[in-house]
Every structure is written in C-alpha cells, then in structure tokens.
Number of protein chains: 2
Amino acid sequence: MIRISLDVMGGDFGPEVVIPGAAKALERHPDVTFLLFGQQERCMPILEKFSKLKEKSTFHHCEVAVGMDEKPSQALRRGRYISSMWRSIEAVKTGQADVVVSAGNTGALMAMSKFCLRTMATIERPAIAAIWPTLSGESIVLDVGATIGADAQQLLDFALMGGAMARALFEVERPLVGLLNVGVEEIKGQEEVKEAGRLIREAGLDTIDYYGFVEGDDLGKGTVDVVVTEGFTGNIALKTAEGTARQIAEYLKAAMSRTLLAKLGYILAKGAFDRLREKMDPRKVNGGVFLGLNGIVIKSHGGTDAEGFAAAIDVGYDMARNGLTQKIENDLKKYHARRPSSAGPEAA
Amino acid sequence: MIRISLDVMGGDFGPEVVIPGAAKALERHPDVTFLLFGQQERCMPILEKFSKLKEKSTFHHCEVAVGMDEKPSQALRRGRYISSMWRSIEAVKTGQADVVVSAGNTGALMAMSKFCLRTMATIERPAIAAIWPTLSGESIVLDVGATIGADAQQLLDFALMGGAMARALFEVERPLVGLLNVGVEEIKGQEEVKEAGRLIREAGLDTIDYYGFVEGDDLGKGTVDVVVTEGFTGNIALKTAEGTARQIAEYLKAAMSRTLLAKLGYILAKGAFDRLREKMDPRKVNGGVFLGLNGIVIKSHGGTDAEGFAAAIDVGYDMARNGLTQKIENDLKKYHARRPSSAGPEAA
C-alpha cells in the first residue's frame, strides 16, 4: 500500500483539478490511499462526486491555503503549521504518508519542504528533477530551478541523486549520467562543470556510469539517462523545449487547416496525429521531483488539468514504491564512505 | 554593390558547399561580388561549373586551410596571415569586402576575427547572435556561445548590439529587448541579470525599448525582438530548441508512416507538410553574426549544405546593406555620451 498526501488547495484550480486527478490515479493504482488537506467547504462538495476516492481517503481540514503568487517567506510566515501545503508535507515527515504531491507555487513548496523535511545530512542544496521525454524513452534532468548556480560538489551530488532516481524510475542498474555543457571537448565550458567532471571521474562511483559532457541537443536525443546542470540553465532549457514544442504544434495546426486537401489528409491521418499529440502532451510528463530532502515531494505544474495532476501522482507513486529516498541515502553513504576526506555525519 | 568575402575552405565540405552556395546567393542578389579565398586546385574545378559566379568573383589562392577540430590557439599559430580563414577576414579589415562568411570552426573563426578586426573601442567581449524563428516572425538571441559568463555591463552591451542588429534586420525603430531569466518577478534570477536590468532601465536608452525579463518559453513565442543572455545559457537554449525540433520531426515521420491511412493522409496533405518542413528547416535560419568587432563576420553551420550556406550569405548581405557595424558604433557612442562616468575612448 502506498500512502499519498495531497495539497488539495494547490495549483491554479485547487480542488477542482486535484480531486478528479486523484480519482484518475486511483483507477490506475488501486493500492493507494490518500490523505487530503484542504478547506472543507470547498473540497467536500467535489469529493462527494468521487465515492471510490472518498472511501480510500482521509480528509483533514486546513483553514489556510498558500497563494500561487505568494513569496516563499510570506507563505512560510502565513502558512507554517496550518496551511494545506505545510500539513500535506508534514504527513511525510511524521511517516503518515510515503509521498506528497502539490501543484502549489514552486518557491513556497520548496521553502516549506526544506523547513519541514530538512535536507539530507550530506546534501547542501536540494534539486528539482524533471522527467524529459526523449527519442529513446525518458531521461531525468536536474536541477531545473531549485537554486541558481552550483559548485562542483553540488553538481556531483545532483549526479548521485539523479542516478538514484533513474534506478527507481527506469529500473536500470547503473544509469548513464552526463554533465550539460557547451562543447564535448574537455577544454570547453564553465569551470564548475569541468571540475565536477573531474570529481565524478575520480570518485569512481559504482552506482552510476559517467558519460562525460553532453550538449543541449542531447536532451531530446536521450543520449544519457540523467543530465546534470545547475538550476538557471536547467530551467531555461526546460522552458525552451516546452516553448519549441508548442511552437511546432502551432505550425502544424496552421499547416493542416490551410487547404481543403490538407484538411482531408488530416482527417485520414487523425489516428497518427492523436498519437503524436499524446507523445508531445506536456501533461504526460508532469511532475518535478524534489531531491535531497528527507522525504519525497512531487511538484505538479500549477496550471495542469486532472489528467496532468494524475500523471504527477503516478510519478510520486513510482518514486515511493521504489524507495527513492532510501536509494539516495544509500548511494550518498556509499560515496562518502569511499571518500577519505568526507565530512559526512559518520565522520564527525 | 555589396562585396562579400568567403572562406571557401571552411566547413565540413569546403568548396563543394561554399561555391554552389555562393552561386545560389548570387541568383537572389545580383548586386553582389565575391572575394574567394581557398586552395586553387580544390576550388577551381568547382568554380568552373558556375560561370556567372566566376564572372562576379576574384579568386585568391591560400595554401593553408584551418581544420574543423583545430584549437583556436593552434589555428592562429598555423594559419595567421596565410590561411583562407584569416585572409577572408582580413579583406574586411582592409576595406576590400563589406562582410565575411565562413563555415569554419567557431573557436578559430572567433579568435582570428578578434585578432584581425579587434573589438570595438568600448566593447569588452564580442557576442554571437543567432536569428531565432518564432511564432510571430524572427527574434535575435545573443550571446549563443562566444564566451561563458557575462557581467551586467557586458549584458547591457549585448542589449545595445542586439538592438542595432534588430534595426538592421527587421527594420523596426526601437526593438523590444528582454533579458533571459528564470522568472518574471524582479526578485528572481542571477545577480548579474538583475543588475543588468537595473543598468538598462537607468541608462534610459532611446535606441531600444526594454521589456524586462523573459523566460525560456518566450523564445519560441517571439515575445521580444532581442533576447539577451550570456553565452553558456544561450548556447544550451539554442541547441535544446534545435534538438526538440528534430525530436518532434522524428515523431511526426514515425506517426505518418505507421498505418496505410496515415500514409494516405500524408500524401494528401503533402503541400502542407512541405510548408511545415520549410518552417522548421534549420538551414533557413543559418548564420550566426559576430557582434562587437570592427567588421561583420557571419558564421555558417559547419555541416550545412549549399542552401544553408546561401542563407548565411543572405544574412551577411542584409547586415552589410543595412550598415550594421555603423549602427552599432552609433548606438554605443550615443550610450556612452549620455553616461557621465563613461570610460569610452572619447572620455580618455
């Protein structure tokens, strides 16, 4: 049984999307139970419509909902201990839930998650990992925006954590990990990226397979299982790819409706177009995973619909079922045990 | 008359692509004359096949050709003064040509261009500007890889130079300029980007219109005419977009050949697909522009074909005809004249 905690008030639409999304996810994963946190008067009328979900859920009333444009500091001040966001995260901390899913605002969710769950002992900064659709399947890309900038050691931590997530998600034994850079030659790139490459090679990690540098176009190709970068570049790469996909979808739509023949062709090829749309559907890969905390937090897009929110729950389900937090902890322990100069808690 | 200098040996295919490309460009711009630099024995047999081009060209034999994987320092050592790359750039310096186009390796081309043409008086670092296809037309994005990292003043310089290029290319009076960032709120982002935003606002420039921050997905939308970022992020955004476009083209191809109905639909809609392919054709937007040097240098993709190389010549033609270098110089002068603390050469 997997116990999933939901911030029902999070996202642009709150319970209108979160509750139907949970109902969809429940159909796919009958072994799930939910802990729902939200404003009773807004949530209950909707929950009443989904009797199966209601049966598998416990509802917890929270007066305060964090706003989508509240600053992290403001959200913490106003919503700590009492908001639906905080309490849904707290359920993971107390062990009542295996994972929490929220479509609430990223900054506030990260701030509350850090405050409530704390980062793992040897991790300085958590990261947000995205699941990236590629020509050969899916890759993990991190950090896509938890923090700006990262030094070599932090990039190595990202490589370890992304590797653990790849093992949980793709069931590969030693995921192939690459560092995002502007050239494949050793001489190019940012100092921190070059230094991270050296660190990873020298660490001789046996939980991942280090590929070397990858470039922007390797993301779509799926050259590696895990692409590591700092949050500024990762966020811009992610949004650039989303924007390009939308742009091409617009071109396609315009091209297919311009002439009668094109329209007829479109009708005949509709099955193919539907499959294509599904491949390009950003809802299918919804769900950023916060890595490096003592617990699993999944961030859904704020503007998603029920299908998209269900996809974020799917990601949380997979992560919890495959013991993501434990995997990361084990990998970090292994790495620090091999490292003579380690300042890990065991060495203190 | 526009005089274009060509590094005929540059690129993966050298004269096999450069000469037919020049012939194509000449058809579109009959007022062009060419200065061709390359190895006589490789170039002449090809040039013989294009009599119109031969008539409008002067050929200059150069024994040395810069290799596609030579390091900049090595290329400078081996090819300064004598290579086809150097001499084609030198023709701009001596005033024999208005612009140079090369498909040679980026690092060597930038190093030689800096060494030969020198950067403009008040510019610390040149930038590479890309022309980015958008839903509303085209935008200019810089820097896409000349240097890694940029401080606030350098980002302001990029904004000025990109603005001048937009005026040369799009014929808008005050191009809209945005800074690439990870969020639209003023509180987010890299320190240098925030500082650059302040600098640009305070400078009260009348040659550009400052929009504020843009995000990765604004690139494809065409939210602004000019997107400013440092070279690491810009290069990764560019390659991520190229990779995503290729990825979707692959999906489309696979979808359209899967069933008989889809194939039939494809045949009927072929005209529409051809237009779509043209829109997505990376050759159509080939040609990075080096900004900030005393002369115009256009970098073509190394692996492009004749059509792509002709597109790079088109860009060079437009830049030269619209007096890009002069426009940038004027804009920089205006900016530094308004700036009391300016350390420009006039102030010395």
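Student: How much space lies in the largest cavity?

Tutor: In this predicted model, the largest cavity holds about 50 Å³ of space. The structure has nine cavities of 30 Å³ or more.

Student: What makes a space of this kind a cavity?

Tutor: The word applies where a 1.4 Å probe fits but cannot get out. The lining residues of the largest cavity are A:Phe232, B:Leu155, B:Leu179, B:Leu180, B:Gln190, B:Val193, B:Val228, B:Thr229 and B:Glu230.

Student: How do the residues of that lining divide into nonpolar, polar and charged?

Tutor: Six are nonpolar, two are polar and one is charged. Glu counts as charged, Leu, Val and Phe count as nonpolar, and B:Glu230 belongs to the lining.

Student: Why is the pair formed by A:Tyr81 and A:Trp86 called edge-to-face?

Tutor: A pair of aromatic rings is described by the distance of the centres and the angle of the planes. The ring centres of A:Tyr81 and A:Trp86 are 5.2 Å apart, and 75° lies between their planes. Rings pair if their centres lie within 6.5 Å, and planes over 60 degrees apart count as edge-to-face; therefore this pair receives that name. Over all chains, the count comes to four aromatic pairs. A:Tyr81 and A:Trp86 also form one aromatic cluster with A:Phe115.

Student: Is A:Trp86 buried or exposed, and how do you know?

Tutor: A:Trp86 is called buried because its relative accessibility is 3%, and the term requires a value under 20%.

Student: What makes us say that A:Arg118 lies over the face of A:Phe115?

Tutor: A:Arg118 is at 5.3 Å from the ring centre of A:Phe115. The distance cut-off is 6 Å, and the charge must also be within 35 degrees of the ring normal. In chain B, B:Arg118 likewise lies over the face of B:Phe115, at 5.3 Å from the ring centre.

Student: What is noted about the phi of B:Arg118?

Tutor: Phi of B:Arg118 is positive, near 65°, in a residue other than glycine. B:Arg118 lies in the loop between H6 and strand E5 (127-134) of chain B.

Student: Why is B:Arg118 called partly exposed?

Tutor: Its relative accessibility is 49%. Buried means under 20% and exposed means over 50%, with partly exposed in between; B:Arg118 therefore counts as partly exposed.

Student: Why does B:Thr325 count as buried?

Tutor: B:Thr325 has 19% relative accessibility, so it counts as buried under the 20% cut-off. B:Thr325 is found in helix H14 (residues 324-338) of chain B. Not counting residues up to four places away in sequence, B:Thr325 touches B:Met120, B:Leu293, B:Asn294, B:Gly295 and B:Ile296.

Student: What makes helix H5 of chain B mostly covered?

Tutor: Seven of the ten residues in helix H5 (residues 84-93) are buried. Among them are B:Trp86, B:Ile89 and B:Val92. The elements covering the buried residues include strand E1 (2-7), helix H4 (72-79) and helix H6 (106-117) of chain B. After H5(B) comes B:Gly95, with a positive phi near 85°.

Student: How do you know that the peptide bond from A:Leu142 to A:Asp143 is cis?

Tutor: Its omega is near 0°. A:Asp143 lies in the loop between strand E6 (137-142) and helix H7 (152-170) of chain A. The peptide bond from B:Leu142 to B:Asp143 is also cis, with omega near 0°.

Key
Residues numbered from 1 in each chain as written. Chains lettered and ligands numbered in written order. Predicted model: local features only at pLDDT ≥ 70, side-chain atom pairs only at ≥ 80, totals over all residues. Heavy atoms only, no water. 1 Å grid on protein atoms, 1.4 Å probe; cavity = no way out; pocket = protein on both sides within 12 Å on 5 of 7 lines; lining within 4 Å. Points joined across faces, edges and corners; volume = space filled by probe spheres on them. Phe/Tyr/Trp six-rings, centres within 6.5 Å; stacked < 30°, edge-to-face > 60°. Buried < 20%, exposed > 50% of the residue type's maximum accessible area, 1.4 Å probe, protein only. Helix = DSSP H or I, 4+ residues; strand = E, 2+ residues; numbered from the N terminus. Contact = heavy atoms within 4.5 Å.
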